[in-house]
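Please examine the structure below with its sequence at hand. The paragraphs that follow lead through one part of the fold, step by step.

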Amino acid sequence: MEKPSTSACIKKAQVPISCHFCNGNRINWKCEECDAIMCNSCKDKIHDRIKSTKDHEVLSFDNVGDDPSASTEVSSEVISSIFNSYTTTVPVHSLFCTDDDLVYIISAKLNSKGQGQLIKGKMLKASIRTMMSLAEPIFDIVVNKNGEVLFTQLITATESPIRMLLSSGEIKTVLDPKPMRLLALHLNKDDELVCSLRELGSPFPLHDFSVRQVVIFGSDYKRKMTFEFDSNGKRLFTYPSRIRTDSNNVIYIIDWLNMNTGRIVAMERNGRLKFTFCGPIDFEYFQPSSIVVTPNDNIVVCDHHNNALLALNSKGSLIAVQFVHEMNISSIFALCIDSEGFLLIGCSENDSESGKIHAVKMTETI
């Protein structure tokens, strides 16, 4: 990628953060589980009296470690300009970038045989050159240091072990946790495989017998750590669909609560819940579909429902929200950061046979 084909900029705006319930600006408390920020009165009269939230852990800002005066402004800019835009032959539902300028595109649009598509491509100045295509109902992928593609499969497949696509084109199973299904895949900086699992059957609604876990496997595919409940015995996850880690191996998880809404769960390596983020209070639905961690250890989340990018800092505070339709970017689904530091945004129209990938520049603060 050498020259931008399109350029657009968004002016900065700043919005004061206020109590989630009364919109007052005297905020004193933060709920660690639903991410609500509130004043003393609303904590006592509203949050602590709602059946679903009355047992949540609520901390004062002194204990949370947040500085309210430093967290009262939210920028309206996550990205500053479009560097290049590409049209793809399939709708883009997930992306994975490697250090050698390769991009892996997952399309979950199924053909008559119930197969989606995985495309390995090389990003050129004006197009993406297809180097490999695989017809499989793929849910998530990761590429290891040997260039081998590990993938899990969509719910349309009867089972979902971790399978490996070798450079020879051969596919083999490397991890099969029967009777569980594997979902999200991620390799952390220590080359450990961080995965999510659930029981077989329909993902929703959640039942008492449901099993929803995040597991760390070693390079030998032996289980090292399992996370399912917090210190109070409450479930940490409902449907952990995407996983990323930062430079400190903090684990960030997109957790779908149902078919319409989700949240971000941040967890320390030792299993301690760091924060949850359920979206801005003025969003009717928060539908996170992809997540990346920037070199500054900030988090950028793609919200498909609102066609928005959201940036959080490592404490879980919202630092920027940008509605990207103003830059003629629509139907966003997927994110990844390429070897040059550009944020790639994958897009898919519901009824379209093609998609878009926009290479954009993030603001310096992100």
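Over how many bridges do strand β16 and β17 pair? In this predicted model, β16, which spans residues 193-199, is joined to β17 by six bridges, and the pairing is antiparallel. Within this pairing, Arg 198 has Arg 212 of β17 as its bridge partner.

An open sheet is formed by four strands in the order β15-β16-β17-β18, and their pairing is antiparallel. At its edges lie β15 (180-187) and β18 (223-227), each of which pairs on one side only. On average, neighbouring strands of the sheet are turned by 25° against each other, if direction is ignored.

Attention may now move to the other partner of β17. Strand β17, residues 212-217, runs antiparallel to β18 and is connected to it by four bridges. Here Phe 217 stands opposite Arg 223 of β18. The two strands form a hairpin with five residues between them, and in this hairpin Tyr 221 adopts a positive phi near 65°.

A residue is counted as buried when its relative accessible area is under 20%. Why is β17 described as largely enclosed by the rest of the structure? The description applies because six of the six residues of β17 are buried. Both faces of the strand are covered: one side carries the buried residues Arg 212, Val 214 and Ile 216, while Gln 213, Val 215 and Phe 217 are buried on the other.

Key. Residues are numbered from 1 along each chain as its sequence is written. This is a predicted model: local features need pLDDT of at least 70, side-chain atom pairs count only at pLDDT 80 or more; totals for chains, interfaces and linings use all residues. Side-chain values use heavy atoms; hydrogens and water are left out. Two strands pair if DSSP finds at least two bridges between them. Axes are lines fitted to C-alpha atoms, for helices over the stretch in contact, and angles run from 0 to 180 degrees between N-to-C directions. Buried means under 20% relative accessible area, exposed over 50%, partly exposed in between (1.4 Å probe, protein chains only).
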